[in-house]
Each structure stands twice: as C-alpha cells, then as structure tokens.
Amino acid sequence: MYSVIFTAIDKAGNEKSARTLFLYDDSSHVEVEDGKTVRVQQSTKDTKYVWVDVDDPILKVNWPGRFKNEEHYKQLWLESVKPRIHVDPEYDDHYDKRQTTTVPHRQGIVRYETQFIVLSPSITQKINFVSTSNVMEEATSLSVSWNDGDKLDITVRAFDIFDVYIDDMVTVYKDISPPEIENLWLSNGDRVNVSVHSFEDFSKMTIEWNTFDYHSGIDNLEWRLYDNYTKTDIVHGHANLHSQGNSENITDCQNKYGDAPRGPSCYCTSFHGCFHKHFYVKPKINKLSGLITGKDKGVHDSDYYIEVTVVNKALLKTTVVKKITIDVSPPHEGYVHDGIRGDPEIDFQQDLHIDAHWEGFFDRESGVEFYQYIFSDHCFNNDEFKANNETKETYNTFASFEASTEGTYFVSVVAVNRAKENSNVVCSDGVTIMTTMPYIQDFVMSGAKTRPRLIRDNDGNVWFWIMFYRDTL
C-alpha cells in the first residue's frame, strides 16, 4: 500500500499538500476456502443441499466465508487510511477504487457476480453475470422459473480490487412432488388385483406394485407385513429393496430387466438415469430382510396389511397400505338350472339358443368374486374344468350359448372367491335340442264325422271328401 504526497509552495512560502493512494500487488490471488460452500437456502440438509422441495419463486443463495484474497485481507490493504499531517481533508484521496475510507469487502473480496442456468434438460432460462447488491451480505436472491425435475446451475464469481476473480458453482434440482405407487396387490399367476390370500403360509404370497418418480427417480423403498388385532402393529415381515435404477438409458434398463416376471417396465429421468418401475416380491424367511421366523404364517379368515413406503431422491415419501385377508376355504357349491330364471326348468327344446342360470354359490370369508362356466355335450369334473382353456368368466349368474347342432347340452359352473380359489364343479341336468317338427301318423278316432272338404295326403295328392262315416276312422 503506497501513498504519494504532492506539495505546492508559493513564493511567500505558503504550501498545500495533496495525497493519492495506490495499491500495488503483482501476484494478486483469489481463492476458495475449504469447508465453506455456496448453498441454496431452500435446499434440504438431508439431501446434502442438492434438492429443493419447495415451490419458492425466489431462491436465496449464500456463500459465507467461501471466497478470499488472503494477502489483501491479512495486510489490511482495504481498510481505512489515517489522515496525514499537513494534508487537508479536501486534498486527500477520495476518488477511484482505493480511497482513504475502507473499501467494502469480505476477506479481500470487493465484488460478487452471479449467473444461473435452468436445464430441463435443454436450457429454459439463463441469466448472465449480474453484480450482487451488497458485497457484505455474501448472498443474493434469484428469480428462477423452473419445474419439478429441472436442474439449476448457479455460478458465483468473486473479484478482488484488481478484478482478479475465481468462479465457484453449485447445482441443485427441484422436486416438490412425492413418488407414485400404483397397483399394490397380491397376484396369483396371471391373475392380478388379488386381495385375498389362499394360504396361511405368507411365503406362498406374491406382492406386486408399480412405483416411479419421473422427476428425481427412486432413492429407496421398503415393504412391511403386519396385523393390528390389538391396535398395535405386529410385524410379520419387512425388507428394504433396491431402487432398480442406475441404468444409463432406456435400452440399458430394458436389457437389465428383460427377464423380470412382468417384463421390462422402464422410464428415464432427465438427469438421474433410468429405472424399472415394477416390483415383484415373493417374501422368504429372513431375520434381517424378509418374513420373521415364527410369524411367517397367518390365520384363516383374518386381516393383514401390506405397507409399501417409497422415497425419491429429494427424500419425499409416499406410503400405501393394502389390506389382505386369508381365506383357505373354497366357495360352497350352488345349483345350476337349464332355462331362463323365473321359468320352469326345461329338458327339451327346438331352438339352438340355450339359456342357463345358477344360484346358491357362496363364500362366507371373502365372497364370490366371479364365475366360470362352459357349455358342452357332457358334464366336466374338477380336473377337466381346470385344464380346459375354453371356459368363460362372468360376474353374472346366467349365461347363454348358441349350439351348432342338435343334441344334449350341459353347462358346468364353478364359483371363484377373492382368493382365486374355485368351488367344485356343478353341472345342470342337461337340455336336449330337437329341431324336427312333430307329426301324427296312423291316427285312429272312433265315431268321427266330417263335412265335405279338401285334404292332402303325404304324397301331395289332393282329395275331395264328400262324406265319410264309420265307426272307426
């Protein structure tokens, strides 16, 4: 730090002095302080200040102690300069960067500028470097227009008095919406949306659901199986699951999960890779991650709960609970009738259209969900019915069938409960179709009389009867 004194003396010996100050540093250096950071105030601590989970239109950014010019700061080169004897105040240095007064600074930094870019993933907003309003605050406010899943790059540029600068950048992401959970249910082979388990053994259960977050992706998730008979949760099993992410692109994800039970079901986020959304769990006994030994079986006609909790990368959480019931007994059989409900049961008909209806099937524990039936020329037994792939399903208690030829037809019916267990097959007693019109031959009547008329015989001949009478016609 230097000063130059200029003194003017007139012929009478009067004198006035002026002073100018200047700072010389041929190796000025601006640096960042380890352990200090640039931080978005709305970013969350639990995400290590990477995610913003609030929808504030103005973001506050601060960087206390992050930047410094250590030499300028320690040598006090930016502090105020004491008055000098014989230099009147009006002739002292009150101009330019280095004056007698203190240069406003933070650890030798005299100016900050900020720039930010919003990517989604292409650039949707960009504000070039703008000076902050007050260097002493080590902070600024940014008006940012961005949506869930967007990325925000903020650059802070710190200058010393020589305009030497250094840049530091912080990146944050936005997600204010929790992850989604869909279709949490039990499954039984190809049957989904099952809410009743047909075994007391929980290890024979299959749990499925979809979970996804298109903005940030999935960070972690867990399932829990419990009952609540005593108003206190009794846990029967639990496990933490892998997020099914870490795929670079959609093709990588589809290849990785090509052998998944329901096939690959992949989606990609803008900045956090691709994920497989379908989860398929067959719980096993495992002390740390699975069913608990001794609690791996349930009780018939009892309710249990499956709870799935999913957390996205912004650490927003969604929990869904599905109630399930154990029902190990099949539905009770009912009665199957030929014909339309309300009409007498039929055994013979001429029409090729067949109607049937049934009643009396029931399941006290889980109820009858639907029926399966098949029309055939014989009654089906249980094994034959299960093996047949031409059976039809209905939620009604009636059905119809268009026969192609004459013959005797039966309808075989089973009721299916919500555990997807079948009742025994119940069969109608059958209906016989005969389309030939009936006729009378060799008709004999005693004491018949008739008026004269035309009649036609079987060969098509027309006869004129004048009168006919005898004891036997």
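Modeller: Helices (H or I, at least four residues) and strands (E, at least two) are DSSP runs, numbered from the N terminus. On that basis the protein chain has three helices and 37 strands. This is a predicted model, in which local features need pLDDT of at least 70, side-chain atom pairs count only at pLDDT 80 or more, and totals for chains, interfaces and linings use all residues. Residues are numbered from 1 along each chain as its sequence is written, and side-chain values use heavy atoms, leaving out hydrogens and water.

Colleague: What does the C-alpha trace span along its principal axes?

Modeller: The C-alpha trace of the protein chain spans about 185 × 65 × 40 Å along those axes.

Colleague: Switching to rings, how many aromatic pairs are there?

Modeller: The count is 21 aromatic pairs, where rings of Phe, Tyr and Trp (its six-membered ring) pair if their centres lie within 6.5 Å, and planes under 30 degrees apart count as stacked, over 60 as edge-to-face and the rest as tilted. Among them, Phe67 and Tyr112 form a tilted pair, with 6.0 Å centre to centre and 55° between the planes. This pair links distant parts of the chain, since Phe67 lies in strand β7 (residues 67–68) and Tyr112 in strand β8 (residues 111–119), 45 residues apart.

Colleague: Is Phe67 buried or exposed?

Modeller: Phe67 is buried, with a relative accessible area of 0%, where buried means under 20%, exposed over 50% and partly exposed in between (1.4 Å probe, protein chains only). Tyr112 is also buried, with a relative accessible area of 1%.
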